[in-house]
Amino acid sequence: MDVWGMAEWSAWVSLEKARLAVPRLPGVYIARSKLEGHVVYVGCAKERAGNGARPARGMQGRIAKYTSGLASGLGEAALDRALADPQWLRERLAEVETGQPMRAARWAKAALARAELELCWAVTVTGNEAKALEDQVIAALRPTLWNR
């Protein structure tokens, strides 16, 4: 199955640039790791409602959670891989031993940085369409994904 023919995908951008560029709409995002050299994660965001004072967040809200250090979904997967890397752990331990321990959110950010992630995304009309597209993309790209 051709993932790239399933939707109109954005260009690849760094995770940090995606945080600002991804729209506040429902859709699917794909992450690839420069460290691993392939697509590693597929996620979706539905119509994340605002609270009246704030607009709906969609994919932008989801990506912002990752870049703020939330260890769930993509963030958790990146942290799992970093924790399995002895060199990365030695660097964190050295920080602790020199009295400069990081908080958990900073560890999660460091794990994302380690993975050198780039994202692309496709906007969908509804959250249900986003979930259906996410399922199709995951089915096409399994077994190399970090998704559980």
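Select Lys34 first. In this predicted model, Lys34 counts as exposed, because its relative accessibility is 53% and the cut-off for exposed is over 50%. Lys34 sits in the loop between β2 (27-33) and β3 (38-45).

The side chains of Lys34 and Glu118 form a salt bridge, at 3.9 Å from N to O. The two residues are 84 apart and join distant parts of the chain, with Glu118 in strand β4 (residues 117-123). Buried or exposed: which is Glu118? Glu118 counts as buried, because its relative accessibility is 16%, and buried means under 20%.

Arg32, Lys34 and Glu118 are connected in a network of salt bridges.

**The strands around β2**

Colour β2 next. Six of its seven residues are buried, so β2 is largely enclosed by the rest of the structure.

Which way does β3 run against β2? The pairing is antiparallel, over seven bridges. Then follow the hairpin of β2 and β3. Four residues lie between the strands. Stop at Gly37, which takes a positive phi near 80°.

Now bring in β4. β2 also pairs with β4, again in the antiparallel sense and over seven bridges. Pick Val28 here; Ala122 in β4 is the residue opposite. Glu118, from the opening stop, belongs to this strand β4 as well.

**Two further salt bridges**

How many salt bridges does the structure hold? There are ten. Two more are worth a visit.

Select Glu76 and Arg148. They form a salt bridge, and their closest N and O atoms are 3.0 Å apart. This pair also links distant parts of the chain: Glu76 is in helix α3 (residues 74-83), while Arg148 is in the segment after α6 (127-141), 72 residues apart. Glu76 counts as partly exposed, at 29% relative accessibility. Arg148 counts as exposed, at 74%.

Asp135 is partly exposed, with a relative accessible area of 39%. Lys131 is partly exposed too, at 35%.

**The α4 and α5 crossing**

Finish with a helix pair. Show α4 (residues 86-97) and α5 (residues 104-115). What angle do they make? They pack at about 145°, and their axes are 12 Å apart. The crossing is right-handed.

Turn on side chains at the contact. From α4, select Trp88, Leu89 and Arg92. From α5, select Trp107, Ala110, Ala111 and Arg114. These are the residues that meet between the two helices. Colour them by class: five are nonpolar, two are charged and none is polar.

Notes. Residues numbered from 1 in each chain as written. Predicted model: local features only at pLDDT ≥ 70, side-chain atom pairs only at ≥ 80, totals over all residues. Heavy atoms only, no water. Salt bridge = Lys/Arg side-chain N within 4 Å of Asp/Glu carboxyl O. Buried < 20%, exposed > 50% of the residue type's maximum accessible area, 1.4 Å probe, protein only. Pairing = 2+ DSSP bridges. Axes fitted to C-alpha atoms, helices over the stretch in contact; angles between N-to-C directions. Left-handed = near helix turned anticlockwise from the far one by under 90°. Contact = heavy atoms within 4.5 Å. Nonpolar A, V, L, I, M, F, W, Y, C, P; charged D, E, K, R; others polar.
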